[in-house]
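User: Hey, I'm new to this one. Can you walk me through it?

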Amino acid sequence: MVDFDDLAATWDDDPRRTQRSQEFAKLLAAAVPLRTDMRALEYGAGTGQMALSLLPHVGTIVLADASAGMVEVAASRIAQLDEPRLTATQLDLTTQSAEPQSFDLVYSSLVLHHVDPLPTALNAMFATLKPGGWLAAIDLEQDGGAYHAQHADFHGHDGFAHHQLQDLIEGAGFTDITFRAAGHTTRTAHGDHEEDREFALFLVTARRPA
Ligand SMILES: C[S@@+](CC[C@H](N)C(=O)[O-])C[C@H]1O[C@@H](n2cnc3c(N)ncnc32)[C@H](O)[C@@H]1O
């Protein structure tokens, strides 16, 4: 497992993450009909960068993450901003549930490939959405393990084939499943020499039937 508690304090030091979060928020806003009265849950919100970019488009966002370190950084950012429309909470939907039928949107960026078992979390996302609510997730195309090559202890998914994730999302009860290209993310490999590599991303959206 990647130790996100350890990474939390310096997560925001890489400006590529800020830029990436801003781009993800734009992609999501273009794909889902957002409204400023929507209650959103960001699953695996990390330090809260994407939520800040998405906030102008929705009503409130709960920033949920399994990592206590990430939640601590997100909570201190919210306190500094004095932003009552954001809250941060520790939550792992593979072992916990969220309030049933209470969100209009559940979204995540670069999180699903870490989640195991993923069907359990997708079922919990479905349950916490109101009927007609939206799921949106940005994640890695299948990468043969290259993205996490430097994490010998990574036991998540090596990206996703669309049909594989589509089956899991459908299995949780979602409909209207749509995949879109979502650009690339860059990762620097530190081997004998430093090398930047690009990894293709997709955005998948789906709905809980009304
Ligand atoms: C690659 S980081 C992405 C963080 C943020 N979404 C971003 O794009 O910068 C993955 C995040 O997912 C969280 N995470 C991993 N497994 C999780 C789980 N089962 N439940 C909730 N959060 C999880 C990690 O703690 C981490 O913050």
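User: Which residues touch the most other members of the largest nonpolar core?
Analyst: That core has 61 residues, and L63, L105, V106, M125, L135 and A136 touch the most other members. A nonpolar core here is a set of buried Ala, Val, Leu, Ile, Met, Phe, Trp, Tyr and Cys residues joined through C-beta atoms within 7 Å. Strand 5 (residues 129-140) gives the largest share, seven residues. This is a predicted model: local features need pLDDT of at least 70, side-chain atom pairs count only at pLDDT 80 or more, and totals for chains, interfaces and linings use all residues. Residues are numbered from 1 along each chain as its sequence is written.

User: What does A136 touch?
Analyst: Leaving out residues up to four places away in sequence, A136 touches L28, A31, V32, L105, Y107, L203 and T205. Contact means that the C-beta atoms, placed from the backbone, lie within 7 Å.

User: L28 is in that list. Which residues of helix 2 are buried?
Analyst: L28 is one of them, along with R20, S21, F24 and A25. Buried means 20 or more other C-beta atoms within 10 Å of a residue's own, exposed means 12 or fewer, and partly exposed is in between, with C-beta atoms placed from the backbone. Helices (H or I, at least four residues) and strands (E, at least two) are DSSP runs, numbered from the N terminus.

User: Where do those buried ones sit around the axis of helix 2?
Analyst: They fall within an arc of 140°, so they line one face of the helix. The arc is that of the directions from the helix axis to the C-beta atoms. On the other side, P15, R16, Q19 and A30 are exposed.

User: New topic: how many residues surround the ligand?
Analyst: There are 21, and the closest are F4, G44, G46, A66 and S67.

User: Is L110 buried or exposed?
Analyst: L110 counts as buried, with 21 C-beta neighbours inside 10 Å. D82 also has a positive phi, near 55°, but D82 is exposed, with 6 other C-beta atoms within 10 Å.

Technical notes. Contact = placed C-beta atoms within 7 Å. Near = placed C-beta within 6 Å.
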